[in-house]
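Me: I have a new structure to look at. Can you walk me through it?

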Amino acid sequence: DTLIFRGASATVLNYVQFFTGNYILNVAIISWFVAQLVKIIIELIAHKTLDLRRIMGSGGMPSSHAACTVGLTTATFKVCGHTSPEFAIACVFAFIVMYDAFNVRHSAGEHAKVLNYMIKNWKETTPDIFSKELKELLGHTPLQVFVGALIGLAIGILI
């Protein structure tokens, strides 16, 4: 079904048909994209640098993983209802992704910080393996996951 919105002077096609044709997928993608844009804005405000590489980067405030999965779950709830198997799957998926984001990947980032410190302070001749710095911004704090989840919830409700 193509939905049409009629305004005072123009007819606009529903963004669902224009974007992917799938409301749930659109909400998930838009939630992810908004969270990534917020990361760029925060970077710009905090460090006065415009780092467009953050659009595809992981880690940092807010969690785009949480935004995407909670947006997906919210849209699934709206389309399929709270008793549907699809909603149950989306909920479990969101919780697993968010747990991984703030627990496993966050811990891996902390390990990378320690290893990078050890490499930088190595007193002896360092092998070539130490010439590459490990990525430290892998996961999220619980606050970052929570803010990402709020973005996904808001996008899922508003769209």
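Reply: Start with one term: a residue is exposed when its relative accessible area is over 50%, and buried when that area is under 20%. Keep in mind that this is a predicted model.

Me: OK. Is Ile157 buried or exposed?
Reply: Ile157 has a relative accessible area of 53%, so it counts as exposed.

Me: Where is Ile157 found?
Reply: Ile157 is in helix 5, which covers residues 142–158.

Me: Which residues make the nonpolar surface patch?
Reply: Leu143, Phe146, Leu150, Leu153, Ile157 and Leu158 make the patch. Its area is about 630 Å².

Me: New topic. Is Gln36 buried or exposed?
Reply: Gln36 is buried, because its relative accessibility is 0%. Gln36 belongs to helix 2, residues 23–47.

Me: What does Gln36 touch, leaving out residues up to four places away in sequence?
Reply: Gln36 is in contact with Arg54, Ile55, Met56, Gly57 and Ser64.

Me: And how far apart are Gln36 and Ala67 in space?
Reply: Their C-alpha atoms are 9.5 Å apart. In sequence, Gln36 and Ala67 are 31 residues apart.

Me: Now the rings. How many aromatic pairs are there?
Reply: The count is two aromatic pairs. One of them joins Trp32 and Phe33, and that pair is tilted.

Me: Why is the Trp32 and Phe33 pair called tilted?
Reply: Its planes are 40° apart. Stacked needs under 30 degrees and edge-to-face needs over 60, so this pair is tilted. The centres are 6.5 Å apart.

Me: Last one: what are the relative accessibilities of Trp32 and Phe33?
Reply: Trp32 has 26%, so it is partly exposed. Phe33 has 40% and is also partly exposed.

Terms used:
Residues are numbered from 1 along each chain as its sequence is written. This is a predicted model: local features need pLDDT of at least 70, side-chain atom pairs count only at pLDDT 80 or more; totals for chains, interfaces and linings use all residues. Side-chain values use heavy atoms; hydrogens and water are left out. Patches are made of residues with over 30% relative accessible area and no salt bridge: like charges are joined within 9 Å, nonpolar side chains (Val, Leu, Ile, Met, Phe, Trp, Tyr) within 5 Å. Accessible areas come from the Shrake-Rupley method with a 1.4 Å probe; for residues, only the protein chains shown count as cover. A salt bridge is a side-chain nitrogen of Lys or Arg within 4 Å of a carboxyl oxygen of Asp or Glu. Helices (H or I, at least four residues) and strands (E, at least two) are DSSP runs, numbered from the N terminus. Buried means under 20% relative accessible area, exposed over 50%, partly exposed in between (1.4 Å probe, protein chains only). Contact means heavy atoms within 4.5 Å. Rings of Phe, Tyr and Trp (its six-membered ring) pair if their centres lie within 6.5 Å; planes under 30 degrees apart count as stacked, over 60 as edge-to-face and the rest as tilted.
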